[in-house]
Amino acid sequence: MTSTLLALAGLILSTSALTGLAEAKVTVLGWPGGSEETALRATAEAYNAQPGLAEGDKVELIFFNRDGFFDKLQADMAAGSDAFDVNLVATYSIGRYAPYMDTIDLGPEAAKTYGDAVLKTMQFEGKQYGVPTDLSLHFMYYRKDLIDALMKDDAAKAKYAEISEKFLGKKLEPKDPDSWTWDDWAATALYFSKQVNPASPTRYGTVLQMKNLLFNMMVFQSLPRSYGADWMDKEGKITVDSPAYRTGLELYKKLYDAGASPKDSLSYEYAETNAAFGAGQAATALQWNAAAGDLTSAEKSPAVAEVTAMVAPPAGPKGRADHIHGLGLGLNKAAKNKEGATKFLKWLATENAALTYAKAGGSPALSPEVVAKIAADRPDLVKLGDFAGKYGYVMTGATSAKALSVYELQAKEFTGYWSGQQSLDEALKKTETGMADLLKK
C-alpha cells in the first residue's frame, strides 16, 4: 500500500513538473522606463492575445533598473543565467554580449519591414543577433507658439539681441529653429529663462540632462560633434581634449550657471526632461526621439501637445550631427525556452508587430513603405529616418567592447566640471587618460 502511494505521488509530481515545463513562458528582459517599456508591454499583450497560441509560447516581461543595466546584464549572461530567454541588446553593446547569445534568422519579412541598413544595427561580424525594435537619436523640441510670437515682436527681438550680446558676445536675431546654430539655441534658451529675462513666459529656456549617467553623454555629444569632435583619430590617438569638446562643455555650463536650465539639472535624465518640458516649464529641450509620442500627446502632455515641434539638433561649423544607435531584442544562449523565444522574435520582425510597437509609442526605423502606413499618427518616425540618414553618426571607437565604459567615464568627469567640482582642464585630462586606457588596442 505504501509503495503504491509513493509511486502514485511520484507520478503526480512528475506529471506536474512536465506540465510546468510545457507551460513555461518566454521570459523577455526589456529596456526599463520610457516609451520602450510602454511599447514592449503593448506588443507583448498583442502577441499573447493571438488565438491558438500555446501557453508555453506566451511572453512574460521583466525589467532591470537603468542604472548599471548593462553591467548587470553582462554579468548575468557571462554566468550563464537562464532567468530570461530574450534579452535587450544595443548597437554599442552587441560585441560585448555576442559570446553569450545565439544568432537568429528573422525570415524574409524582416528586410521588408525594416530594410537591410536597419537590420545591420543588430548585426555583429555579419551575423544577426536581434530584432531592431527602436532607433534612437535626438530631436530639438521647441515651443512653436513662443518662437512665432518672438519673431513677430520687435521689442522682444531687441531684448533677445541684448541678451545674446551679454552672454554670447554677439547680437543675434531670432530664427526659425530649423536654421539654428548652437549659439542661436543658446540665445533662445537664455531669452526664455526668467532668471535672465523676467518677462519670459516660461521659467526655463531649456532642460539640460546633466546627471552622471552614460546616456546623457549621448545627448550632449552631438554639440561638440558638430564642431568636429571625435573620440580618436585614425591612428588611435584620443582627441577629446579639443576645441570642439571645450566649446560644447563650456556652453552647457554657461546655460546652467545662468539659470537657463533648472538648478537640479545635475540630477536630470530622460524622465525629468520630459516632465519639465511637458508641463510647459521650458521653451526648448534636446531630447531623445522616443519622447515625441508623449510630448505631442494631448492626453499625456496637455500643456504643450499642440504647440510642440521638432527639428534636428542645431548646426555647428561642421554642420548638423545626431547621435544614433539601435535597441533591439535577441536570444540568450542559455535560454530555457529557445523555441518559444525564436517564435516571438520572428513575429516581432513582421510588419504587423512593428506597426503595433510603433502605435504604442515605440520608435522602430521602418522601411518607407511601412512607415507610410503610420505617418499620419507618427510623423516623428518619418523624421527619424530622415535625420538618421542626413545627420546620423557614430564616434570612432563607439562600437568597441569598452564603449559604454567610455560614456560612463565622460559622464563622471563632465558632470564634475558642470557642477563646479573640477576645472575644465582637469575634466578633459582625466577623460583623455581614462579613454586611452579603455580604448587601447
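The lining of the largest cavity divides into 7 nonpolar, 2 polar and 2 charged residues (Ala, Val, Leu, Ile, Met, Phe, Trp, Tyr, Cys and Pro count as nonpolar, Asp, Glu, Lys and Arg as charged, the others, Gly among them, as polar). This is a predicted model, where local features need pLDDT of at least 70 and side-chain atom pairs pLDDT 80 or more, while totals for chains, interfaces and linings use all residues. Numbering runs from 1 along each chain as its sequence is written, and side-chain values use heavy atoms, without hydrogens and water.

To see that lining, select Trp31, Glu36, Arg66, Tyr92, Ser136, Phe215, Tyr270, Trp288, Ala290, His325 and Leu327. A cavity here is a set of points on a 1 Å grid where a 1.4 Å probe fits but cannot get out, and lining residues have an atom within 4 Å of a point. There are 4 cavities of 30 Å³ or more.

Next, show helices H9 (residues 182-191) and H12 (residues 243-258), whose axes are 10 Å apart at an angle of about 10°. They are therefore roughly parallel (angles under 35 degrees). Pick out Trp182, Trp185, Ala186, Ala189 and Leu190 of H9, then Leu251, Tyr252, Leu255 and Ala258 of H12, to find the contact (heavy atoms within 4.5 Å). It has 9 nonpolar, no polar and no charged residues.

Terms used
Axes fitted to C-alpha atoms, helices over the stretch in contact; angles between N-to-C directions. Helix = DSSP H or I, 4+ residues; strand = E, 2+ residues; numbered from the N terminus. Parallel < 35°, antiparallel > 145°, perpendicular 65-115°, else oblique. 1 Å grid on protein atoms, 1.4 Å probe; cavity = no way out; pocket = protein on both sides within 12 Å on 5 of 7 lines; lining within 4 Å. Points joined across faces, edges and corners; volume = space filled by probe spheres on them.
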